[in-house]
Amino acid sequence: MTCKICDGETAKFDRTKVLGKYSVQYYKCKNCGAIFTEEPYWLNEAYSDAISDLDVGLVSRNLNNVPILSKILDFIYPPRNIAS
Ligand SMILES: [Zn+2]
């Protein structure tokens with residue numbers, strides 16, 4: 001595999017598991033030092049679902065938005081006094 005940036009010679013660098021199931025090879029360019037993966041055949045699957053099991057910040061971001069959204073909704077739909 002040649003470097004995607006400078007077309008230089010590359011060497012195997014490391015491996016990792018992508019999407020919990022694909023063993024992906026990393027390469028490092030001997031000329032410019034760029035590090036990249038083999039052809040990313042997993043991208044369609046990776047982006048096929050807007051909510052990923054690996055996105056641990058999803059709940060955190062939603063909780064951070066609660067106080068802001070509550071104020072906006074209270075402004076648009078003022079709370080009514082149910083007792084009267
Ligand atoms: Zn390079």
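Predicted model: local features only at pLDDT ≥ 70, side-chain atom pairs only at ≥ 80, totals over all residues.
**Zinc site**

The zinc ion is held by four protein donors, the SG atoms of C3, C6, C29 and C32, which lie 2.3 Å from the ion. Along the sequence, these donor residues follow the spacing C-x2-C-x22-C-x2-C. The arrangement is tetrahedral because the 4 donor atoms subtend angles of 100 to 120 degrees around the zinc ion. C3 has a relative accessible area of 1% and is buried, whereas C6, at 31%, is partly exposed.

**Strand β2**

Strand β2 covers residues 22-29 and includes Q25. Q25 is buried, its relative accessible area being 6%. The side chain of Q25 makes a polar contact of 2.6 Å with the side chain of R15. V24 also belongs to strand β2. With a relative accessibility of 0%, V24 is buried, since the value is under 20%. The C-alpha atom of V24 is 6.8 Å from that of T37, a residue 13 positions away along the chain.

**Salt bridges**

The whole structure contains 3 salt bridges.

| Pair | Closest N to O distance |
|---|---|
| E39 and K4 | 3.8 Å |
| K30 and E9 | 3.2 Å |

In the salt bridge between E39 and K4, the partners come from distant parts of the chain, 35 residues apart: E39 is in the loop between β3 (35-37) and α1 (43-46), and K4 is in the segment before β1 (10-18). E39 is exposed at 52% relative accessibility, while K4 is partly exposed at 46%.

K30 forms a salt bridge with E9. K30 is located in the loop between β2 and β3 and E9 in the segment before β1, so this pair ties together parts that are 21 residues apart in sequence. K30 is exposed, with 54% relative accessibility, and E9 is exposed with a relative accessible area of 54%.

K21 is partly exposed at 47%, and E45 is partly exposed at 33%.

**Nonpolar patch**

I68, L69, I72, L73, F75, I76 and Y77 make a nonpolar surface patch of about 780 Å². Among them, I68 lies in helix α2, which spans residues 58-76. I68 has a relative accessible area of 52% and is exposed.

Terms used
Residues numbered from 1 in each chain as written. Heavy atoms only, no water. Donors = N, O, S within 2.8 Å, 3.2 Å for Na, K, Ca; no water. Tetrahedral: all angles 85-135°; square planar, octahedral: opposite > 155°, others 65-115°. Buried < 20%, exposed > 50% of the residue type's maximum accessible area, 1.4 Å probe, protein only. Patch = residues over 30% accessible without salt bridge, like charges linked within 9 Å, V, L, I, M, F, W, Y side chains within 5 Å. Areas by Shrake-Rupley, 256 points an atom, 1.4 Å probe, with all protein chains shown as cover. Salt bridge = Lys/Arg side-chain N within 4 Å of Asp/Glu carboxyl O. Helix = DSSP H or I, 4+ residues; strand = E, 2+ residues; numbered from the N terminus. Polar contact = N/O pair within 3.5 Å; in protein donor to acceptor, adjacent residues only side chain to side chain.
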